[in-house]
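Student: I am new to this structure and would like a close look at a single part. Could you pick one and walk me through what surrounds it?

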Amino acid sequence: MNKFEDIKNFINNLTPEEIQEGNREQETENKRLYLEFQEAYSKGCCSLCGMKLDYFSPDETCFHWFLKPSGIKKKYFKEYLSEDIGFFKLESYFRWLAHIEKPFRNINDLKSETTESKLLETTIKYKNIEWSLNYGKSDLEGHKNSKNANFPHFHLQMLVDGLPFIRFNDFHIPFSKEDLFNIELLKEENVLFQNSQAPGMTDILENPEMLEKIDEHLTVAENEEDASVHFGTMIKMPEGKTMSGDKIAEIIEESRRTKKTVRHLMKEHFPEANIVSEVTPADGVPEKKKRKKR
Ligand SMILES: [Zn+2]
Ligand SMILES: [Zn+2]
């Protein structure tokens, strides 16, 4: 029996109570780590190493290196990224940074936009930096016949001011044992990963429950760049009834004044109308950066 089958058996033998308990513990731990992160961040510090986020010393590797502290150069990443720094931990760190700047809209992890050959593909934005992480089946298996990449790994791109600082093909970053365990978990149908501390677009757009919750509290964004989602709305009046242009203009005006969405106001004013909405990511959400085939 191989290692992955062990994991599968382990998962399948868990009782619902054990799963719930595990989830609760994980949730508490995540919350604690995020609070630590928040606390350090408010002082301009890194919660992992305790140093200022702009501190750099070649011997003291840390996730905050990905914030490009002054003095850092790409060559310093060579040794650092030959270690298994932890894909999921790194992704969380990026998510937290993105979330603390602007909730939701800085994280494009939409499954519907994931390239078919990729198992996971995420683009995360923070200030003038944008990280993209991905791996596909051949990365997970290790590129056969490759000298420097024949082990399970992921790829990372980092743009600063829109220009590449790290390119996808610069490094093959090895997965840690914990990563491989998590990846196996992800394959199981009954396992769902939730990024409860720093949800991304997938948690909004691809999770109906969450979508409803957000919709309730939705207000109109002052400008398009601050919006997380677009609501494209189609309104159909019942046969024989019409909606006057004046009334519509009134509603738009009211929406401007009250910050309530037009869609909500339509429902209030025309309860008999059939309102169909289509939700799409807003323009400010970072576009997923994809790795091109060589
Ligand atoms: Zn640090
Ligand atoms: Zn690869």
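Tutor: Let's begin with helix 4, whose buried residues are Phe87, Glu91, Ser92, Tyr93, Phe94, Arg95, Trp96, Leu97, Ala98 and His99. Please keep in mind that this is a predicted model. Helix 4 covers residues 87–101, which makes 15 residues.

Now to the part I would like you to look at closely: strand 4. This strand takes in residues 153–160. Six of its eight residues are buried, so strand 4 is largely enclosed by the rest of the structure.

Which strands does it pair with? Take strand 3 to begin with, which is made of residues 129–136. Strand 3 and strand 4 are antiparallel and share six bridges. You can find one of these contacts at Trp131, whose bridge partner in strand 4 is Met158.

Strand 6, residues 173–174, also runs antiparallel to strand 4, and two bridges join them. Look for His153, which stands opposite Pro174 of strand 6.

Then comes strand 5, residues 163–166. Three bridges connect strand 4 with strand 5, again in the antiparallel sense. Here Leu159 has Pro164, in strand 5, as its bridge partner. Together, strand 4 and strand 5 form a hairpin with two residues between them.

Asp161 sits in the loop between strand 4 and strand 5, and its phi is positive, about 50°, although Asp161 is not a glycine. Most residues other than glycine have a negative phi. Is Asp161 buried or exposed? With 9 other C-beta atoms within 10 Å, Asp161 is exposed, because a residue counts as exposed when 12 or fewer lie within that distance.

Lys68 is not a glycine, yet it has a positive phi of about 55°. Lys68 has 18 C-beta neighbours inside 10 Å, so it counts as partly exposed.

Technical notes. Residues are numbered from 1 along each chain as its sequence is written. Chains are lettered from A and ligands numbered from 1 in the order in which they are written. This is a predicted model: local features need pLDDT of at least 70, side-chain atom pairs count only at pLDDT 80 or more; totals for chains, interfaces and linings use all residues. Helices (H or I, at least four residues) and strands (E, at least two) are DSSP runs, numbered from the N terminus. The expected span of a helix is 1.5 Å times one less than its number of residues. A residue is buried if 20 or more other C-beta atoms lie within 10 Å of its own, exposed if 12 or fewer, and partly exposed in between; C-beta atoms are placed from the backbone. Two strands pair if DSSP finds at least two bridges between them.
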